[in-house]
Amino acid sequence: MNPTSTSTEETTRAIERYLTDNPGDESLNALGMTADGRIVRLAEHDECQRLELHQMLEQQLGTLMPPELDQSIRERMIENALKTGVQTLGEYKKKIRRDRQIRNRLETLKADYAAQFAIMHERTETKVGRKGETETGGCGSIYGIADWDYHFSNEFTRTHWKFMSNFKRGTNVARDFFMSNVITYQLEWTFLDKRWLLELPTAIERCKIVNNVTLDVLRHHHQDYSTESFRKDFLETTHNGKSTVRVAQDLGLKIADLTVTYCDKPVKAVNLDALLDARSEKTFSVIVHVYPDPSIYDV
């Protein structure tokens with residue numbers, strides 16, 4: 001069998017067989033694939049064969065990449081996956097599985113919010129920076145009647161997302177689309193631009209908060225941010241909290257805990273006198289720690 005013709009199903013079965021027979025889950029750099037589709041240890045083959053065997057394995061691992069993407073994108077994705085954080089065959093299998101689950105989730109969201117995504121596509125442009133800084137924005141009007149001004153600036157790494165500045169202004173823009181729709185949109189844009197497999201965050205950070213209601217809640221609970229009362233007030237009564245909850249719900253995440261930072265340092269409490277300038281200095285952030293809902297994702 002020529003490995004270039006090996007199907008996704010055959011590659012998956014080869015991985016399953018190897019992991020069943022070798023529960024130690026060895027490093028990908030120590031493995032290769034033979035012409036008949038078997039995954040083997042490179043150390044058990046002649047040195048002159050090892051490079052070709054390893055290249056065959058990398059080629060076939062590429063068949064597990066999202067088939068809806070262009071070949072060049074899939075090739076870059078596998079390079080990035082093998083360079084960053086994927087050390088073993090088992091880890092690679094899990095990342096591919098998670099990527100597919102997230103893509104399925106995003107497709108469902110785009111279908112459920114088709115009208116909102118259509119408006120975003122028509123009225124906004126999205127740009128991705130070198131470090132994952134992603135901006136979606138646009139402004140305009142229709143016959144001078146309906147005007148809009150959108151600005152959503154956020155930063156995505158694989159597992160830590162920072163929500164920086166998000167607003168929309170204009171006539172009747174409240175339900176054009178929602179922030180949770182924007183995050184879904186930006187997530188897909190950013191990870192595609194970076195040629196990353198899709199991943200879920202472990203932390204969503206609401207950075208340098210300026211919303212007055214949220215700041216009032218932070219002041220009110222200044223003596224102890226570890227209480228259930230603060231968690232409830234932040235997540236259920238503030239714009240920053242409620243929009244984060246909606247993002248988590250859309251993406252199938254559960255909220256584990258909150259961390260408050262003041263002047264970029266984690267705090268469990270702050271001196272009330274020190275809060276007088278918080279509104280102007282943008283000194284508060286809240287990190288929402290999240291994890292995949294086990295009813296939706298394999299854990």
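At 24% relative accessibility, E188 counts as partly exposed, and in this predicted model its side chain meets that of K110 in a salt bridge, with 3.0 Å from N to O. This pair links distant parts of the chain, since K110 belongs to helix α4 and E188 to helix α6 (residues 179–193), 78 residues apart. K110 is likewise partly exposed, with a relative accessible area of 24%.

**Salt bridges**

- The count of salt bridges comes to 17, and one of them joins the side chains of D298 and R97 at 2.6 Å, N to O.
- Because D298 lies in the segment after β10 (284–292) while R97 lies in helix α4 (residues 89–112), this pair ties together parts that are 201 residues apart in sequence.
- D298 is partly exposed, with a relative accessible area of 41%, and R97 also counts as partly exposed, at 45% relative accessibility.
- R123 forms a salt bridge with D176, in which the closest N and O atoms are 3.1 Å apart.
- That pair links distant parts of the chain, with R123 in helix α5 (residues 114–123) and D176 in the loop between β6 (160–170) and α6, 53 residues apart.
- Both R123 and D176 are buried.

- Eight strands make up an open sheet with mixed pairing, and their order is β3-β4-β5-β6-β7-β10-β8-β9.
- Strands β3 (125–128) and β9 (265–267) stand at the edges, and because each has a single partner strand, one side of each is left without a neighbour in the sheet.
- From one strand to the next, the twist averages 25°.
- Strand β4 pairs with strand β5 (residues 146–156) in the antiparallel sense over 10 bridges, and the bridge partner of G137 in β5 is H151.

**Two buried residues**

- T134 has its place in strand β4 (residues 133–142), and it counts as buried because its relative accessibility is 0%.
- Leaving aside neighbours within four places in sequence, T134 is in contact with T126, K127, V128, F152, S153, N154, F156, Q186 and T190.
- H54 has its place in helix α2 (residues 47–61), and with a relative accessible area of 15% H54 is buried, the cut-off for that class being under 20%.
- Not counting residues up to four places away in sequence, H54 touches L28, N29, L31, G32 and L42.

Notes:
Residues are numbered from 1 along each chain as its sequence is written. This is a predicted model: local features need pLDDT of at least 70, side-chain atom pairs count only at pLDDT 80 or more; totals for chains, interfaces and linings use all residues. Side-chain values use heavy atoms; hydrogens and water are left out. Helices (H or I, at least four residues) and strands (E, at least two) are DSSP runs, numbered from the N terminus. Buried means under 20% relative accessible area, exposed over 50%, partly exposed in between (1.4 Å probe, protein chains only). Contact means heavy atoms within 4.5 Å. Two strands pair if DSSP finds at least two bridges between them. Axes are lines fitted to C-alpha atoms, for helices over the stretch in contact, and angles run from 0 to 180 degrees between N-to-C directions. A salt bridge is a side-chain nitrogen of Lys or Arg within 4 Å of a carboxyl oxygen of Asp or Glu.
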